[in-house]
Amino acid sequence: MTILDRRALGPGRRAVDWNPTPVGNGAGCRLVPLPKIADPRGNLTFLEGRSQVPFDVARVYWLYDVPGGESRGGHAHRELEQVIIAVAGSFDVVVDDGAETARFHLNRSYTGLYLPRLTWRELGNFSSGSVCLVMASLPYSEDDYYRDYDGFLAARAAEAAG
C-alpha cells in the first residue's frame, strides 16, 4: 500500500494501514528538549510559550485511552503549529510535508515534537496507558483543517509556487 493509498482510507484506519517506511529526515519537524528538574521525590518538567515552545500556546488538549491498533490524526493544519508530548507511555508520530515522511517515537515526558503548519500527521502504536498532550498555537477552528490528503498536497504545491 502506498502513502497515497493509506491517506484515502479515511477514519478508522488500523495502524498497519498508516505505517509507511519513512523517507527523509523530519519533514520540517524537530524534537524539542524540555527542562527536567530531577528530584528524589519525583521529577518536574515545565514549558513556557516562546521559550521551549516556538509560539504562544492558545489551546491544550490530550488523547488517552486510545484502543490498541487505532490511529489518530490523519490531517494537517493551514496555520496552526503544535508541540506533541508523550506525558505517559509511548506512541509514534508519522509526519509528512508532501515531499518526505518521518516517524518519531515519543516516549519521554521531557521531549516534545514540534510540527509546523502544513504538516500532515498521524499518531499510532499507542502503548497501554499512554497520554498524548498537544499544545497548539491557535484555538480550535474546523476551517484550519485539511482532512483530505489531496487537498493538503494542493495547498503545499500552491504555497511552493508562491
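Reply: Leaving aside residues up to four places away in sequence, Arg59 touches Leu80, Val134, Met135, Ala136, Leu138, Pro139, Tyr140 and Tyr145 (contact: heavy atoms within 4.5 Å). The model is predicted, so local features need pLDDT of at least 70 and side-chain atom pairs pLDDT 80 or more, whereas totals for chains, interfaces and linings use all residues. Numbering runs from 1 along each chain as its sequence is written, and side-chain values use heavy atoms, without hydrogens or water.

Arg59 belongs to strand 4, which spans residues 59-64 and also holds Trp62 (strands: DSSP runs of E, at least two residues, numbered from the N terminus). Arg59 is buried (under 20% relative accessible area, 1.4 Å probe, protein chains only). Even so, Arg59 has no salt bridge (a side-chain nitrogen of Lys or Arg within 4 Å of a carboxyl oxygen of Asp or Glu).

Cys132 has, with Ile84, Phe91, Val93, Val95, Leu106 and Leu123, the most contacts inside the largest nonpolar core, which has 18 residues (buried Ala, Val, Leu, Ile, Met, Phe, Trp, Tyr and Cys joined through side-chain atoms within 4.5 Å). Strands 6 (82-88), 7 (91-96), 8 (101-106), 9 (111-115) and 11 (131-136) each supply at least two residues of this core. Met135, a contact of Arg59, is part of a second, separate core of 9 residues, which also includes Leu34, Val53 and Tyr114.

Conventions: Helix = DSSP H or I, 4+ residues; strand = E, 2+ residues; numbered from the N terminus. Buried < 20%, exposed > 50% of the residue type's maximum accessible area, 1.4 Å probe, protein only. Lys, Arg positive; Asp, Glu negative; His and termini not counted.
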